[in-house]
Amino acid sequence: MATKKKSNAKTKATAKSSIKKAVKGMKKVAKSTAKKVEKGVKKVAKKATKAVKETTKALKSSGEIVLLLKQGVGKPSVPCVKKGDKVQVGTLIAKPQGLGANLHSSVDGVVSQVTDTAIYIKAGKVPIDISKSKFKRITADKKDLLACVAEAGVVGMGGAGFPTAAKLNLDLHGGHVLVNAAECEPVLAHNMAQLVQFPNETIKGIQYIMKITNAKQGIIAIKQKHTHEIESILKALKGIDNIRVHLLPDIYPMGEERAVIRETLGILLPVTALPSEANAVVINVETVLRVYEAIEFGRPAVSKNLTVSGKIKGINNGVKVFYDVPIGLKVKDAIEAAGGIDGKYGEIIMGGPFMGKPCKLDDPITKTTGGIIVTEPFKDYKGAKVGLLVCACGANEDRLKDIASKYNMKVVDVEYCKQAKDPKGNGVYKCENPGNCPGQALKCMNIKKAGATEILISNCSDCTNTVMGSAPGLGLNVHHATDHIFETVGMPVQRHLTKSKFIEGPIPEGCTASRNPESNEPGGIHPVQVHHEDSAKGTSSNVDYSKPYEFRENTPDGELLISIESGSDISIKYE
Amino acid sequence: MSISAEYAKEHINDPAVLCCRREAGTTLSHHDFEDPAIFDDLVSSGLLKLDGALKIGEAMGATLTKTLDSLNAITKDCVDKVQDMNAGSGEAAAVSAPAESHVATGATTSVAGGKLKIHIGEGKGIDLEIPMGLGGGVAASTGSAVAATGAAGATATAGAASGEEKVVRTLTRKHYNITEVKRGDKTKIEGTTLYIRKGIEKEAVETQELVHALKLDIITKDKYHTYSDTIMDTQPIATKEGDSELGSGVTRVLDNVVMLLTGTTDEGVQIGEFGSSEGYLDENIMWNRPSCPDYGDILIRGEVKIENKKNMERPGPLAAHKAFDVITQEIRMAMKELDDSLVVNTETFEQVRRPGKKKVALVKEIMGQGAMHDNLILPVEPVGVLGAHPNVDLCNVPVVCSPLEVLDGCIHALTCIGPASKEQSRHYWREPMVLEMLHDKEVDFAGVIFVGSPQINSEKFYVSRRVGMTCEAMDVEGAIVTTEGFGNNHVDFTSHIEQIGMRGIKVVGMSFCAKQGALVTGNKYITAMVDNNKSEAGIENEILGNNTLCPEDAVRAIMMLKAEMAGEAIKKPEKEWNPNVKSQNVELISSVTGKPVELVKNETSLPMSEKYKKKYANAK
């Protein structure tokens, strides 16, 4: 892709040429990307390259694209096209009502059907990579950054799908833009690939976002193990001093929004708080790129980067990364492009192993689709009694019940992790302190008492480790919601934790890292390991959570006792 | 699971065990410790070994020197230091406030014009302990509060110094011996024979619309193997003498005879809810319980029939009681004519206040869910009806009575819960807990608080908060809370304990629990409990009065309360009901006091009924 300078210089001619270059560059990257992916994935390196080559060809897709009116958080968008209308890539086809995002066609074709939930477009052959396709530019003035993001219909591409323009419409008063490049879901690889392929573009995107939100600093949070990607970013960051890289440990779920804030800023927000309460926004790294494209080229958000993996012909435990897959393409099209399903399979997951949901072959890819994983058939446990341990960081209760039924297990008990809180009471759980276990022995005992022989969990790395400390000893066979996926791709299943939660030893200059609170090593951010005792109680915008402290007062024997565990800027008045 | 800071403080003497994997270099806090409450289970399932474990208080604040996984006990060799619990943590450490605050980084303290302002730029582990008297510089409002406390303390001290006992009131019981009960033309007492007017039943029935029949039987010891409907109440026959008010003055009572109310609906449905005691009397009454007839008593049994379907509504059982009381009332009137020459025995109860001694109260939870779960409070005559108010109508709020009012029959019990644990009217007349507290010279017995047990949870908490406030206002140091039944009423029973406990008042609970009646709710103040169970299998065995509060329970409760008030810890209960706990406690008390505690008999001393055999087969 074009470098920063070039794209600045050639504003008009650009789009086309830069995309051309992008495609060129992409081929290179795919190669290097794949190289550094984990062992099992390494094999795929060449194939991934090949895949990208192949997929620049037109796809024999089903010929129909399905664009869901609801692509993320908010109400479904309202169609502004009708049956028979001709559209091209970038044609606005639906507008939001209230909180939501614009929806644009991702292909050239004719609207074949408009329903309450989707717009269908007949398109004939569709390329799986539309980065070089011509598109209809958005109309907003390039100088009005936020308007560009809004018109382009960008939403959070990490999975939540929150309308990006709404997220960025705030003043951080010199706060932080936190770029979530944790790519915490195992197997997924497209975010890391992007950092090698488009480091400059990504950084440019961060700068735009910092400008929009009036932030003083940008922080790219990435796992330490991705040395190659870190190298790529650091190279691109030369001469830029208000963006730094923060190194995360290789623990799930470091990519959880509040975990990113905790690791990079040392502030643990209660489950009810928004990142703005820590003067920060957290934004996924691919979203950053889409913001860049919207502003720089006037390109609407019509495509998505994808990782396809699992039981795919010729993939050999690896992954295939696709760039700029048109949204609305069907799951089966992406699987076909990757090689097709290899024999019998269990289920197809849309998303990552932890948070992904089962989907059907005909389901369309959306702006939030990150992974497509085909799994091995499920083992049959012949009605074995299972207790579920639900965690906010992984599969929810419904998904665990779904997996249990696929394993042919009978659910006899459902327990929730102590830290899983449902602040809004709408069934959406958040973890009070993601990745830091509160203990699970009691839950395991309850499950045992309910008569279970199996325990199926959706916990993070740390909590899973704790479960391993008691469940097997109680005679419970441990199953993790991700087991069938990890087994399919040849990765070891989630069980004991052997890695540290903290970064030790030297780190590259200019980087910070999540350090042990007791560590004096340089570059340390000390993630707060203590959560607010009152975090479950509602939030108040007046509360300054950036200065957490506990406060207690006693009057035993006529004395006033004030005990402060830790804190800063403490004022005590006695008047 | 990890525990709260407060909880950790309460458990500083329990073993420190990691709840989760913790890496070397972690400074241990309450977030890292597993809840000691589940250690028994963990140890018994082989998941946890506590050998060499430091106490939570010793491990708190230490730094781990190696990475350990969950459920590892923290031992000396895996931490950098062991905290000295005597000098190290908490209040004891911070001796001088000003000095301490200067140690903290960048702290400034200034005391000027009654204002204390401390600002700490940044800090950790800060403990400030400031004497309230602080150079006389505390603000006026706080100052007066301190003064008030001081004054109260002074009064108490003065009282203690004088230590004068004060007799608040007395109650004298005159006993009249009855050896025979006959029917006659007039209700009267001649010598030791009680005559009950023939035909009185009809008049009694006519007073109550819902009562359709009442049959009187005189059952003497030789006829105890008589079939009976469920026993609704056992009542003493007593009346006030002259102008004496209930709870003081003179009460006349007939010995060796009791009123026994039984009942069904017209179609024969027993008036009982959770189990009934119908069957042969000799197989279903636990004789000599405070609540029950004594073996040998003449039973004046009223067999009442009430309107169908009214057995589960308040007016039905109440009507049965009212009709029966028409008969008792006529006997009471006859008693008023008795000559003192017939008095065989006189006993006097003194309500003594002992200023300076630990002030204690007895909270008695009585049923108030409605239907037959009601109690008439403070009738004019002992266990009468006239003048009393049903506690359901009083909305179950606490009513404070003097111990002598209790012993004088201020509760007419309509209660019809499980027969084995229900406290009938006669129970209050000889309530062992009241007698124990009344006679204990080491405590200052302030009074008895009756509180109803409402049906709805929100109301349960409404009344339990009132109980807490009442105890607070009475300024007691200790309280014993009793209840009857189990299950539903345990919700408010435990809430009473919480409301009392949270006010810093020591509290002991008494209930039938054992196997079948384990508490359904709990809180951290339920640390001292006395189980009223007497049954072999630990169940509600439907033997009348079997599991009610007896002297052997009262003595344990008062000892437990005294121990608590003296700052001694009560041992934790075992995981499952173990009757040995009681026998050990009883033995301990006997050896300390030098007075053997005699245990009452249980159902095994009775001939075994068919129903009872089945019940035991099921229990096993």
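Two residues are in contact if their C-beta atoms, placed from the backbone, lie within 7 Å. Keep that cut-off in mind for chain B: of its contacts with a separation of 6 or more, 73% are between residues 24 or more positions apart.

This is a predicted model, in which local features need pLDDT of at least 70 and side-chain atom pairs count only at pLDDT 80 or more, while totals for chains, interfaces and linings use all residues. Residues are numbered from 1 along each chain as its sequence is written, and chains are lettered from A and ligands numbered from 1 in the order in which they are written.

**Stop 1: the two chains**

Colour by chain. Chain A has 16 helices and 28 strands; chain B has 16 helices and 24 strands. Helices (H or I, at least four residues) and strands (E, at least two) are DSSP runs, numbered from the N terminus. Of the 575 residues of chain A, 57% are buried. In chain B the buried part is 48% of 620 residues. Buried means 20 or more other C-beta atoms within 10 Å of the residue's own, with exposed at 12 or fewer and partly exposed in between; C-beta atoms are placed from the backbone.

**Stop 2: a helix pair in chain A**

Select residues 190-197 and 227-236 of chain A, helices H7 and H9. Their axes come within 8 Å and cross at roughly 35 degrees. Axes are lines fitted to C-alpha atoms, for helices over the stretch in contact, and angles run from 0 to 180 degrees between N-to-C directions. Which residues of H7(A) meet H9(A)? They are A:Met192, A:Leu195 and A:Val196, facing A:His228, A:Glu229, A:Ser232 and A:Ile233. H7(A) is mostly covered, with eight of its eight residues buried.

**Stop 3: the five-strand sheet**

Stay in chain A. An open sheet runs in the order S15-S14-S18-S16-S17, with mixed pairing. Two strands pair if DSSP finds at least two bridges between them. S15 (319-326) and S17 (357-359) of chain A stand at the edges with a single partner strand each, so one side of each has no neighbour in the sheet. From one strand to the next, the twist averages 30 degrees. Now pick S16 (residues 348-350) and S18 (residues 371-374) of chain A: three bridges pair them in the antiparallel sense. A:Ile348 stands opposite A:Val374. H7(A) packs on this sheet, touching S14 (303-310) and S15 of chain A, and its direction makes about 125 degrees with that of S14(A).

**Stop 4: the cores**

A nonpolar core is a set of buried Ala, Val, Leu, Ile, Met, Phe, Trp, Tyr and Cys residues joined through C-beta atoms within 7 Å. The largest has 187 residues; A:Val149, A:Val179, A:Ala334 and A:Ile455 touch the most other members. Helix H11 (residues 285-297) of chain A gives the largest share, seven residues. Centre on A:Ala334. Beyond its neighbours within four places in sequence, its contacts include A:Leu306, A:Phe322 and A:Ile372. Another core, of 107 residues, lies apart, with B:Leu281 and B:Cys292 among them.

**Stop 5: a sheet in chain B**

Finish with the open sheet S18-S17-S20 of chain B, three strands with antiparallel pairing. S17 (residues 375-377) of chain B is joined to S20(B) by three bridges. Zoom in on B:Leu376: its bridge partner is B:His412.
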